[in-house]
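Hello,

Here is the structure I promised to hand over. Please open it first, then read my notes below.

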Amino acid sequence: MSETGIPETGVDLSPGARRLVHVNGRVQPGEAVLVVTDPKMRRYADAVAGAAREARAAVTVSVIPVRDQDGQEPPPPVARAMTEAAVIFSPVRISITHTRAMRAALEAGARVCMMTAYTDAIMTSPALLETDFEAQADVCRRLGAAFTEGRSVRLTSPRGTDLRFGIEGRVANVLTNIPDPGQLAPVPDIEVNVVPVTGSAEGTIIADASVPYLGIGILEEPIVCSVREGYIVEMTGAAQADFLREHLESFGDRHCFNVAELGVGLNPNARLTGEMLEDEGVMGTIHIGIGTSHTLGGEIVAPTHYDLLMWAPTIAVDGRVVQRDRQVLV
């Protein structure tokens, strides 16, 4: 048992920690590094903090209570510290990605490596240890440029997804996982995402891969969502769909059903596991984020942000196919 009361597993976390610090965070001697964690994730925080100290960074570890839900703000003193850090690592059980504190840290120039719900499997995965992040950066930028320059998207899938929305004026988020100042890196999830114009999404979403939140994980049956004027108006399926819908309805906030994001997975070594930071990078999947869009460049602030993943997408921008299954065609 460790000093934090968390059982030791015997897994060596140091190779993953060093890769996060040196390859993804690109931590330099003397840089201010902040590790935001909670009592359930101290093993990962300690591993990363140790690797950052080896790199001769100025390291602070802030332990916050486990958040009640994804998107809940960190305590104000930690939020202030986030705006003063050059590099932030966030091994937390419940996500603080879609928060005002994170947006302020990014605006202040932080490079952020998200480590939400990390597990030993992620810390030792090929997606983290073997991926050439630099090699994937070019394809990320090409797809991001197609979204940024585009006006409209049509998304289809073999299971029956058919969703259309506007993107004119939106700037794509290119998550290479080697972030520059002001950028997020949800390591090892390499992705490009774009926010639909608020209120423009129309059609059907059929998620058949995973919903890596709330303990739902890999889907046993598809979740079918009808979308009108930018919002999910009906969500059907089996028990997992019912659980997700009832959870969202419990907030009494229509914005929880806002179609907030199209994200494209681009890590060739990622596998579908039911864990967010690996699932959302799986090549051959896309995810539709619902809820808050503000932290991605949209206008909607909601109590939640969850992602619905599907297999084998075809994405057309202004009528031109830019992705088909695992192939990026730009």
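**Salt bridges**

The side chains of E249 and R245 meet in a salt bridge, 4.0 Å from N to O. The term means a side-chain nitrogen of Lys or Arg within 4 Å of a carboxyl oxygen of Asp or Glu. Both residues sit in helix α8 (residues 239-249), four residues apart, so about one helical turn separates them. E249 is partly exposed, at 46% relative accessibility. Salt bridges with shared partners join D242, R245 and E249 into one network.

Some background before the rest. This is a predicted model, in which local features need pLDDT of at least 70 and side-chain atom pairs count only at pLDDT 80 or more, while totals for chains, interfaces and linings use all residues. Residues are numbered from 1 along each chain as its sequence is written, and side-chain values use heavy atoms, with hydrogens and water left out.

On exposure, buried means under 20% relative accessible area, exposed means over 50%, and partly exposed is in between (1.4 Å probe, protein chains only). Helices (H or I, at least four residues) and strands (E, at least two) are DSSP runs, numbered from the N terminus.

The salt bridge count comes to 14. One of them joins R111 to E31, with the closest N and O atoms 2.8 Å apart. R111 lies in strand β4 and E31 in the loop between α1 and β1 (32-37), so the pair ties together parts 80 residues apart in sequence. Both R111 and E31 are buried.

D138 and R142 form another salt bridge, at 2.5 Å between the closest N and O atoms. These two are four residues apart in helix α7, so about one helical turn lies between them. D138 is partly exposed, with a relative accessible area of 43%. R142 is partly exposed too, at 34%.

**Helix α1 and R19**

Helix α1 covers residues 14-24, and its buried residues are G16, A17, R19, L20, V21 and N24. They pack against α2 (42-54), β3 (87-90), β4 (111-114), α5 (120-123), α6 (126-129) and α7 (133-149). Just after α1, R26 takes a positive phi of about 50°.

A polar atom of the R19 side chain does lie 2.4 Å from the backbone oxygen of T131. Leaving aside neighbours within four places in sequence, R19 is in contact (heavy atoms within 4.5 Å) with N24, L128, L129, E130, T131 and F133.

**Nonpolar cores**

A nonpolar core is a set of buried Ala, Val, Leu, Ile, Met, Phe, Trp, Tyr and Cys residues joined through side-chain atoms within 4.5 Å. The largest has 79 residues. Which of them touch the most other members? They are F89, Y118, M123, F147, L262 and I288. Not counting residues up to four places away in sequence, M123 touches L13, G16, A17, L20, Y44, A47, V48, M115, Y118, L128 and L129. Apart from this core lies another, of 19 residues, among them M82, I96, A105 and V112.

**Strands and sheets**

Two strands pair if DSSP finds at least two bridges between them. Five strands form an open sheet with parallel pairing, in the order β2-β1-β3-β4-β8. β2 (58-63) and β8 (184-185) stand at the edges with a single partner strand each, so one side of each has no neighbour in the sheet. Inside this sheet, four bridges join β3 to β4. I88 stands opposite V112 in β4.

Other strands run antiparallel. β16 (residues 285-291) pairs this way with β17 over seven bridges. G289 stands opposite D307 in β17. Strand β17 (residues 305-311) is mostly covered, with six of its seven residues buried.

β5 (residues 152-156) and β18 (residues 314-317) are joined antiparallel by four bridges. V153 has V317 of β18 as its bridge partner. β18 also pairs with β19 (residues 320-324), antiparallel and over four bridges. β18 and β19 form a hairpin with two residues between them, and D318 in the turn has a positive phi of about 55°.

Best wishes

Key
Polar contact = N/O pair within 3.5 Å; in protein donor to acceptor, adjacent residues only side chain to side chain.
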